[in-house]
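Subject: Structure handover and packing notes

Dear colleague,

Please find the structure below, together with its sequence.

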Amino acid sequence: MRRAARVASLFVPSLVAWAVVRAADANSGRDDSALVRAGMQALVPLFVVMAAALLVRAVEATGARRSWTEALDILSGPGRALVWTAAAATAGAASVGWASLGVLGLAGLAVAYAMVTWTALVAAGEEPWKGLAVTRAFAPATAVEGDAVKEELTLTGTRVPAGFRLLVRAGLARHRTTAYVLDGDAAGGEIALTAELGAARRGEYDAGPAELWLQDVFGLCRSRVVRLGAGRLVVLPRALPVDDLDATAAVRGDDAESVPSVRLPTEGSFRIRPYAPGDDARRIHWVRSLSARELMVRLPDEIPPELPSVRLVLDTQLVGAAALVTPATGQLCDALVRVWISAAQSLMARGVRVTVACVAGERVVEKAMTLETAGAVLRLGARVDWHAAQPVEALLCDDARQIVVSARPRAVDHGDVSWIVVPECVWTDPEPALPADEWATLPYPSGSAENRWWRRRRARVAQRAVERAGVLFDQLMHWSDGPHLAGAVVARPRGARVALEALS
């Protein structure tokens, strides 16, 4: 419907102005009206040429199995404003007999007809896009959360007709939207475009193709949008040092002590085996060695201490998270993964056998955290997002001490579970406010397209939607103390570290 209205702006204003001019000339018979009518008649050939060029492009688009309305949708916002304003000025001049206003209106229509015709002839077809290749990449292709990331676009075989500029729009979700402008003298050969995307945010991004279109130097007309050059970026979570992990998580306990074996008094002397290189010479049983004519050693009469074992679970269950437009959802999910990965690496460094468990891609995934699997666990953390598929009970088991990293701890029907709570209010930023919109000043720099009334209104509507989503997200993340939180700890950011504090 919107595209049909934009296409109608090519013809409807001129036809309405022509009808008003003819009616005013017939009723009044003034010289001013006759002058405006003569000017309109002089523009008829230019209007016909414009219509013919548009017809050719519509037929071409139909042959290429594209929508013919897409080929005719070439007026930009300023172009539509010019056509309607010029038509209104022409009609008003004929009605009130104001010849000077009619001259301005006719000049505006002439400029619009000329630019639409030129755009239809040289920019609205397939010619500018033949041989164009776009390569999109990111540096680095695999980044760590917080690193600076650059977008790199390479254009080969660009064609920019005279009087036009090539506009490119790209960017990345949860980062910046980038825009580039190429003039006609930059056409041909290989063109490299680079832009800073800011600090990398955790996740796996399948960046869609960049959008390219041609626009005349007056900003009145544009070509159709061409999408080329997809890319991919992987941002791994950043592991941070964790303070007070031993004291708050209490992961060692009795596992650090050896356990005496339960045996009969005569069993210990028979637990012997042949000597092997590396055995302690003090355990050689000389009497047995003489009788067996080889060195025999005694085995210890106690079970050596085992490494403590911890199952570290990440809770990212949240129904309806995809529908919340607030950036706090992504920030909190990043914080959960960051604390989860940091705790896993800190426990592993302390000699704890760690098994991490989470939901990735709607299924439960668990991995043993070792030096060899640390990279795989980081890549797993990059894939984690909010989900509604699996409850936290599906990630728990009974074969180890269990610690759940969660933003909303709750009672679970599963044995003894400890919680590391990641509060939403601590790890997320407030929604940014819009610039002040006062009647006497413009919120953005003079000449910026964002100063247009409808764009400011759309921005205010979007901001209110973000604020409502933020309030709903706060309610979803609300939790209260309970018996299930006995011994729980709270994770808080402390510079470049994670501090664990007992929940009081």
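The notes below take the helix pairs, the sheets and the aromatic pairs in turn.

The model is predicted, so local features need pLDDT of at least 70 and side-chain atom pairs count only at pLDDT 80 or more, whereas totals for chains, interfaces and linings use all residues. Residues are numbered from 1 along each chain as its sequence is written, and side-chain values use heavy atoms, with hydrogens and water left out.

Helices and strands are DSSP runs numbered from the N terminus (helices H or I, at least four residues; strands E, at least two). Axes are lines fitted to C-alpha atoms, for helices over the stretch in contact, and angles run from 0 to 180 degrees between N-to-C directions.

Helices H5 and H6

Helix H5 (residues 77-96) and helix H6 (residues 99-122) cross at roughly 150°, and their axes come within 7 Å. The crossing is left-handed (the near helix is turned anticlockwise from the far one by less than a right angle; clockwise would be right-handed). Contact here means heavy atoms within 4.5 Å. On the H5 side, the residues involved include Leu82, Val83 and Ala86, and they meet a set in H6 that includes Leu101, Gly102 and Gly105. By class, this contact has 11 nonpolar, 4 polar and no charged residues. Ala, Val, Leu, Ile, Met, Phe, Trp, Tyr, Cys and Pro count as nonpolar, Asp, Glu, Lys and Arg as charged, and the others, Gly among them, as polar.

Aromatic pairs

There are 3 aromatic pairs in the structure. Rings of Phe, Tyr and Trp (its six-membered ring) pair if their centres lie within 6.5 Å; planes under 30 degrees apart count as stacked, over 60 as edge-to-face and the rest as tilted. One of the pairs is Phe47 with Tyr113, edge-to-face at 5.5 Å centre to centre and 65° between the planes. Phe47 belongs to helix H3 (residues 31-63) and Tyr113 to helix H6, 66 residues apart, so this pair links distant parts of the chain.

Two strands pair if DSSP finds at least two bridges between them. Strand E4 (residues 164-169) runs antiparallel to E5 and is joined to it by 4 bridges; Leu167 has Val181 in E5 as its bridge partner.

A second open sheet has 8 strands and mixed pairing, in the order E11-E22-E21-E20-E19-E16-E17-E18. Strands E20 (residues 417-421) and E21 (residues 489-494) pair in the parallel sense over 2 bridges, while E17 and E18 pair in the antiparallel sense over 7 bridges. In the hairpin of E17 and E18, with 2 residues between the strands, Gly361 takes a positive phi near 65°.

Helix H9 (residues 328-349) and helix H10 (residues 374-383) pack at about 165°, with axes 10 Å apart. They are therefore roughly antiparallel to each other (over 145 degrees; under 35 is roughly parallel, 65 to 115 roughly perpendicular and the rest oblique). H9 passes H10 in a right-handed crossing.

Yours sincerely
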